[in-house]
Amino acid sequence: MTVVNKSIVIIGAGHAGLTLAREIRANCNTTTITIISREAIRGYYKPNLSKALSMHKAPDQLVMKQTETIAEELNATLLGRFTVIEINSGRKEVKGLLNDSEESSVMTIPYDSLVMATGASPIRLPIERDLTTPLLSINNLEDYETFRSRIEQKKKILIIGAGFVGCELASDLISSGYEVDIIDQCEWPLQRSMPEVMGTEIKKAMAEQGVNWHLGVTLLSVTKNEQGAMLGSLSDGTTIQIDEVVSAVGLIPNTRLARGAGVAVQRGIEVDAFSQTHQPDVYALGDCVEYQGVTLPFIAPATHAAKALAKTLTGTKTALALPALPVAVKIRACPTVVCPPLIKKGIWQVQGAGMNLEAHFINERGQLSGFALIGQCISKKTKLASECIPTLTPIVDINASREAVA
């Protein structure tokens, strides 16, 4: 066990932030850890949010650990409902307000190392609607609690977005007796992660379960008629009656605090292979970060990054390397695994028939750099992951990492 007498402040209590704290404590029992979050700090597994309905789980049943348990297990100070108002990297301190208190109660928290694990927020589309019609999104447990309360006694749910979250949520809703429409500008589901022939099979399988697809179009407005019914107007002239709208069109990294602290930001917070930003003793990981010019908003990359950074912060400098990390997409009608290529230059090669398909993404060097599997072919996940080139190889210099992608 390493002995390191320093103070580490983590902003963000999602999967990345809590995993980092756990790994730091596993490596060192003398480091002081403070975790800050603008939301209540609770331990839950985010991927369960898109399958809780069919698991017959109420939102509170998804909580695995409450604040007090997390604090005791990590021997850490947890500050939930804490709003950061300033990061001064020169003086190495974070200022903020606890529980919306008055300005006179501003807390100042000093640090030796600061880690930003501020996550990402749902992208908001400019859809015409009145103020009483919410555009729901599900990015954390509080969002999910709102979603579940809104869909009680409702029947028709419109989902905007046919990517990972949109497809998983549709599968969960349709399996639980809801009527589901999905709208997206893309031509097939999961278009960024698989070739058309596979997306077509997923579309067909989910349609047989009852999902109504509206692809290649956009949602223009959500209005209410004289009877109070909610209507969605699509760009192809179609009007559909709905009860709630959920947006699942992707995430944008939360970088406001980083920008305010003078940390370099492009698409996300820029870091080197050791998760360090341009500022000394300021690090970042998780959904708020870009790696070699791209973001990786999945659980597995955040876990790998947290483990590597914990070693660095406790005295063993460790570069982040990501192997190929396949992701299971929870679609009941069509078992699906994807391992999206980081760089999109290449071609898909597909083999198989019907709903049992295997697609390899071959890059310009002839290497397997990604793959997608559906149906019985998902059994090849481990084999293909071992044959695929790593998602990320360590590049220490931030500028060099951007050149590598360009």
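This short talk covers strand pairing and one surface patch in a predicted model.

First, the ground rules. Residues are numbered from 1 along each chain as its sequence is written, and side-chain values use heavy atoms, without hydrogens and water. In this predicted model, local features need pLDDT of at least 70 and side-chain atom pairs pLDDT 80 or more, while totals for chains, interfaces and linings use all residues.

Let's start with the open sheet. It has 5 strands, in the order β24-β25-β28-β27-β26, with antiparallel pairing. Strands here are DSSP runs of E, at least two residues, numbered from the N terminus. Two strands pair if DSSP finds at least two bridges between them. The edges are β24 (327-329) and β26 (346-353), each pairing on one side only. Inside the sheet, β25 (336-339) and β28 (368-374) share 4 bridges. Cys339 has Phe371 of β28 as its bridge partner.

Next, β15 (219-224). Strand β11 (128-129) runs parallel to β15, joined by 2 bridges. Glu128 stands opposite Ser221 there. With β16 (230-234), β15 pairs antiparallel over 5 bridges. Thr223 is partnered with Leu231 in β16. β15 and β16 form a hairpin, with 5 residues between them. In the turn, Gly228 has a positive phi of about 90 degrees.

Last, the surface. Which residues make the nonpolar patch of about 270 Å²? They are Ile123, Leu125, Val249 and Ile252. Nonpolar side chains are joined within 5 Å, like charges within 9 Å. Areas are Shrake-Rupley, with a 1.4 Å probe. Val249 sits in the loop between β18 (244-247) and β19 (251-253).

Conventions
Patches are made of residues with over 30% relative accessible area and no salt bridge: like charges are joined within 9 Å, nonpolar side chains (Val, Leu, Ile, Met, Phe, Trp, Tyr) within 5 Å. A salt bridge is a side-chain nitrogen of Lys or Arg within 4 Å of a carboxyl oxygen of Asp or Glu.
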